[in-house]
Amino acid sequence: MSGEKCICKMNSVLPGQENQTPLNRMGLGARGLNGNQLKLIAVISMLIDHTAFLLLGYGLLPAISADAYRYHIWRLIYYGMRCIGRLAFPIYAFLLVEGFLHTRDWRKYALRLGIFAAISEIPFDLMVFPRRFVSLCDWKFLWEMQNVFFTLLIGLLTIKSLDLVNRKTNRNQSLTFFLCLGILGAGSFLAWMLKADYDLVGVVLIALFYQFRQDRVKQCIMGFIWFFSTLGSGRYFLGMAAAFLLIFCYNGKQGENRGKYRYYLFYPAHMLLLYGIFRIIFLAF
């Protein structure tokens, strides 16, 4: 969901990375995965996850609950698909930070996230609360949960604020520390209050990716420790671990950037499609 154009050559070194080894700075090196490939993996992972969430979790599993054997088999499939789905958010959070570091205009980036947060809210509510609305005309804003674009937007504003503080107060380490802690707390609280998807866990993960942006190894280790310790369970361990392994494989290149809005549009579009399938199969218009 980043997809911002670089203001520097794709193989250049960011300020502060001059002394970093290629392994730390670029993961597995130039032959790894580019940003476009990571986004594609995240999109496929998200589709698998949401398919399981809605069509299996709200549809098939309740429908076959009386058949113990079938229910057990499909329940295993459900958790397997949700495990694959754990790849998506860490990759999106990482690419958000990469987009921020290379964007020409962070304000346009934030505006784009805000627009798609608004566009995606109805499809998100329909998918998360599929039995709440008989039709689109019944939709009303729900405070129970907001879509992930809100989390990404708050995360972007948080790391932009952290960046400004680091630039303005870099000679006073104590002041910088407490200001950064306050900013992170405010961003986390806002995400929690809005009940944005992944809420404060997501904002802190974005901040960790930003804080350790000079060292890919630390990004992956600290990110995984935080993500798994707050949201993890044994059944999702492999999916979460795979997400950070893929991030480690990032080669620092953007890749082809044709139709950069397609990844933004896919988010609301696929939720509407899944909701339509759910209504046709399980609610029988």
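Reader: What makes the pairing of Arg82 with Asp49 a salt bridge?

Author: Glad you asked! The term requires a side-chain nitrogen of Lys or Arg within 4 Å of a carboxyl oxygen of Asp or Glu. In Arg82 and Asp49, the closest N and O atoms are 2.4 Å apart, so the pair qualifies. Arg82 sits in helix H3 (residues 68-85) and Asp49 in helix H2 (residues 35-63), so this pair ties together parts that are 33 residues apart in sequence. Please keep in mind that this is a predicted model: local features need pLDDT of at least 70 and side-chain atom pairs count only at pLDDT 80 or more, while totals for chains, interfaces and linings use all residues. Residues are numbered from 1 along each chain as its sequence is written, and side-chain values use heavy atoms, leaving out hydrogens and water.

Reader: Are Arg82 and Asp49 buried or exposed?

Author: Both Arg82 and Asp49 are buried. Buried means under 20% relative accessible area, exposed means over 50%, and partly exposed lies in between, using a 1.4 Å probe and protein chains only. Asp49 and Arg82 also belong to a network of salt bridges together with Arg86.

Reader: Why do Arg132 and Glu144 count as a salt bridge?

Author: The N to O distance between the side chains of Arg132 and Glu144 is 3.3 Å, so they fall inside the limit. Arg132 and Glu144 are both in the loop between helix H5 (106-128) and helix H6 (148-168), so the bridge ties together parts 12 residues apart in sequence. Arg132, at 43% relative accessibility, is called partly exposed, and Glu144, at 39%, is partly exposed as well.

Reader: How do you know whether Arg167 and Asp163 are buried or exposed?

Author: Arg167 has a relative accessible area of 59%, which means exposed. Asp163 comes out at 10%, which means buried. Arg167 and Asp163 form a salt bridge too, their closest N and O atoms being 2.9 Å apart. They are 4 residues apart in helix H6, which means a separation of about one helical turn. The search of the whole structure finds 4 salt bridges.

Reader: Which runs count as helices, and how many does the protein have?

Author: Helices are DSSP runs of H or I with at least four residues, strands are E runs of at least two, and both are numbered from the N terminus. By that rule, the protein has 11 helices and 0 strands.

Reader: What makes a set of residues a nonpolar core?

Author: The members must be buried Ala, Val, Leu, Ile, Met, Phe, Trp, Tyr or Cys residues joined through side-chain atoms within 4.5 Å. The largest core here has 67 residues, and Leu113 and Phe244 touch the most other members. Helix H4 (residues 88-102) gives this core its largest share, 11 residues. A second, separate core has 7 residues, including Ala52 and Tyr78.

Reader: Why is Gly232 called partly exposed?

Author: Its relative accessibility is 29%, so Gly232 falls into the partly exposed class. Gly232 is in the loop between helix H9 (216-231) and helix H10 (237-248). Leaving out neighbours within four places in sequence, Gly232 is in contact (heavy atoms within 4.5 Å) with Phe227 and Met240.
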